Amino acid sequence: MSTTTQTPQKLRTRKPVTVGAVAKNLSALVIAVVFVFPVYWMFSSSLKPQHEIMTKDPVFVFTPTLENYTTATGVDLFWTYVTNSLMVTVGAVLLALLVALAASFAIARLKFKGRKGIVLIVMMAQMAPWEVMVIAMYMISRENDMLNSIPMLTLIYFVMVLPFTIWTLRGFIAAVPVELEEAAQIDGCTRGQAFRKVIFPLLAPGLMSTSLFGFITAWNEFAMILMLNKDKESQTLTLWLTQFQTAFGSDWGATMAASTLFALPVLIVFLFLQRKAVGGMTAGAVKG
C-alpha cells in the first residue's frame with residue numbers, strides 16, 4: 001500500500017509597503033483629483049440653481065434641478081446644431097480614415113521616389129497650428145461661394161485630421177510583419193486581398209485611436225466655424241456654447257449644462273472605441 005505525501009502549498013509573501021510606493025500612490029491620487037475635479041464641478045454646477053452657483057462659498061450639498069438643461073436645450077435651432085456637428089465630425093473622420101488607409105499603406109510598404117519628402121510634409125502639416133490658416137480658408141471659401149456651407153466645413157476638418165491619421169496608421173502598418181502579407185500572397189491572395197484579410201484586422205487599435213483623435217479634433221474646433229459660418233443654421237455646437245449671455249451677465253448654470261451635454265458624445269465615443277480597440281487586438285491575433 002503506497003502512501004502519497006502532499007507538499008503544503010507555498011504561502012504567498014506580500015511585498016513590504018515602502019515609502020516610495022506610498023508616495024507614488026499619493027501622487028497619482030492627487031493628479032487624478034486635479035484632473036477629475038473640474039469635470040465634477042462642471043457637472044455639479046449644471047444641476048445647481050442659479051443662486052447657489054454664484055455664491056461666495058462653494059456649495060457641495062444641494063437639491064439638484066434640471067432647469068439649466070431645459071434652458072440649454074431650449075435655445076433656437078438646438079437640434080440643427082447637433083445635426084450639423086455630427087455631420088461635419090463623422091464625415092471628416094470617415095474621409096480621413098479612407099484616404100489615410102491608402103496613403104499610410106503606400107508610405108509604409110511601397111518604395112518610390114519622394115517617399116521621405118511626403119513623410120516630412122505630413123509631419124510639418126501636423127505640427128503647424130491650424131489657426132494660421134483661418135484667413136486662407138476664409139478666402140478660398142468666399143471665392144468658391146462656399147461660406148456657411150456644411151460640406152466645405154467638413155472638407156476643412158478632414159484636412160485638419162488627415163496628417164495625424166496618416167502618421168499614426170503608418171506606424172501601425174509598419175509594425176505588422178511583412179512576412180504575414182507575403183504568406184497570404186503565397187497562399188493565393190492578391191495584394192489587396194492580403195491587406196483586407198491580414199493587415200486590416202490588425203489595424204483595429206490604430207483605427208480606433210485615430211478615429212477618437214479625429215472625432216475630438218473636429219468636435220471641439222471653434223475658430224473655423226466662427227469665421228466661415230455666420231449663418232446660424234449652418235453653425236455647430238461649439239458656437240451654441242457661447243449663446244448663454246443675458247443682460248445681467250452669463251448664465252453659468254446653462255453654460256455648465258451645455259458644456260456637460262457637449263462633452264457627453266466624446267465620452268460615449270471614447271468608451272465605445274476603447275472597448276472595440278481591445279477586441280480588435282485580440283481578433284487580429286487569431287487566424288480566420
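Here is a short chat about how to read a few features of this predicted model.

Q: Let's start with charges. How many salt bridges does the structure hold?

A: The general idea first: side chains of opposite charge can pair when their charged atoms come close. In this structure there are 2 salt bridges. One joins the side chains of Glu-181 and Arg-109, at 3.0 Å from N to O. That pair ties together distant parts of the chain, since Glu-181 sits in helix α8 (residues 178-186) and Arg-109 in helix α4 (residues 78-109), 72 residues apart.

Q: And are Glu-181 and Arg-109 buried or exposed?

A: Both of them are buried.

Q: Which side chains meet in the salt bridge at 3.9 Å?

A: Those of Glu-143 and Arg-142, again counted from N to O. Glu-143 counts as exposed because its relative accessibility is 61%, and the cut-off for exposed is over 50%. Arg-142 has 43% relative accessibility, so it counts as partly exposed.

Q: Okay, helices next. How do I read the way α4 and α7 pack?

A: Two packed helices are described by the angle between their axes and the distance between the axes. Here α4 and α7 pack at about 35°, and their axes are 6 Å apart. The crossing of α4 past α7 is right-handed. Sorted by class, their contact has 24 nonpolar, 5 polar and 2 charged residues.

Q: What about a single helix? Which residues of α10 are buried?

A: Keep one thing in mind: an α-helix has 3.6 residues a turn, so residues three or four places apart point the same way. The buried residues of α10 include Leu-207, Ser-211, Phe-215 and Trp-219. Ala-204, Pro-205 and Gly-206 are also among them.

Q: How far does α10 reach from its first C-alpha to its last?

A: This helix (residues 204-220) has 17 residues and reaches 24 Å, close to the 24 Å expected at 1.5 Å a residue.

Q: Last topic: backbone angles. Where is Leu-77, and what is its phi?

A: Leu-77 lies in the loop between α3 (67-73) and α4. Its phi is positive, about 65°, although Leu-77 is not a glycine. With 31% relative accessibility, Leu-77 counts as partly exposed.

Q: What is the phi of Asp-145 near?

A: Near 55°, which is a positive value in a residue other than glycine. Asp-145 is found in the loop between α6 (134-143) and α7 (150-175). It is exposed, with a relative accessible area of 71%.

How values were computed:
Residues numbered from 1 in each chain as written. Predicted model: local features only at pLDDT ≥ 70, side-chain atom pairs only at ≥ 80, totals over all residues. Heavy atoms only, no water. Salt bridge = Lys/Arg side-chain N within 4 Å of Asp/Glu carboxyl O. Helix = DSSP H or I, 4+ residues; strand = E, 2+ residues; numbered from the N terminus. Buried < 20%, exposed > 50% of the residue type's maximum accessible area, 1.4 Å probe, protein only. Expected span 1.5 Å × (residues − 1). Axes fitted to C-alpha atoms, helices over the stretch in contact; angles between N-to-C directions. Left-handed = near helix turned anticlockwise from the far one by under 90°. Nonpolar A, V, L, I, M, F, W, Y, C, P; charged D, E, K, R; others polar.
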